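Welcome! Please take a moment to look over the sequence and the structure before reading on.

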Amino acid sequence: QVQLVESGGGLVQAGDSLRLSCAVSTYYFSSYYMGWFRQAPGKEREFVAAISRSGGSTDSVGSVKGRFTISRDNAKNMVYLQMNSLKPEDTAVYYCAADRKYSGSGYKTRPSEYDYWGQGTQVTVSS
């Protein structure tokens, strides 16, 4: 069973930065596609960023491009989301997700494509 544990959330002001971390407990971490999603109150879970197994390919939703960066360290079983220039609309619970099934595009952007999820970490951005 793969377990994911997010950390790094908190309360910040608009314009600040945060780095979210996700620790993944599996021997085969480098074979997992990884992604970050977020869910604000009353809204559906939304794709934020995804990364390929090697870390060589990434994708992110338009609203965070140029501000958020996803990365991974396969030696440490970790995936990160560096969030800069945070805005109040970034307020949400952020979830880390993992999946091992093959993806022709190199990464996965839909929640239904992921089998494993963390418990989430709250990010609140005040104006």
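This is a predicted model: local features need pLDDT of at least 70, side-chain atom pairs count only at pLDDT 80 or more; totals for chains, interfaces and linings use all residues.

In soluble globular proteins, nonpolar side chains tend to be buried together.

Beyond its neighbours within four places in sequence, Met83 is in contact with Asp16, Ser17, Leu18, Leu20, Arg67, Phe68, Tyr94 and Val123.

The structure holds 8 salt bridges. In one of them, Arg38 pairs with Asp90, with the closest N and O atoms 3.0 Å apart. Arg38 lies in strand S4 and Asp90 in the loop between S8 and S9, so this pair ties together parts that are 52 residues apart in sequence.

Arg38 has a relative accessible area of 6% and is buried. Asp90 counts as buried too, at 1%. Both belong to a network of salt bridges that links Arg38, Glu46, Arg67 and Asp90.

Another salt bridge joins Asp115 and Lys101, whose closest N and O atoms are 3.0 Å apart. Both residues sit in the loop between S9 and strand S10 (116–117), 14 residues apart. Asp115 is partly exposed, at 49% relative accessibility, and Lys101 is partly exposed at 44%.

Glu113 and Arg110 also meet through their side chains in a salt bridge, at 3.5 Å from N to O.

Note on methods
Residues are numbered from 1 along each chain as its sequence is written. Side-chain values use heavy atoms; hydrogens and water are left out. Contact means heavy atoms within 4.5 Å. A salt bridge is a side-chain nitrogen of Lys or Arg within 4 Å of a carboxyl oxygen of Asp or Glu. Helices (H or I, at least four residues) and strands (E, at least two) are DSSP runs, numbered from the N terminus. Buried means under 20% relative accessible area, exposed over 50%, partly exposed in between (1.4 Å probe, protein chains only).
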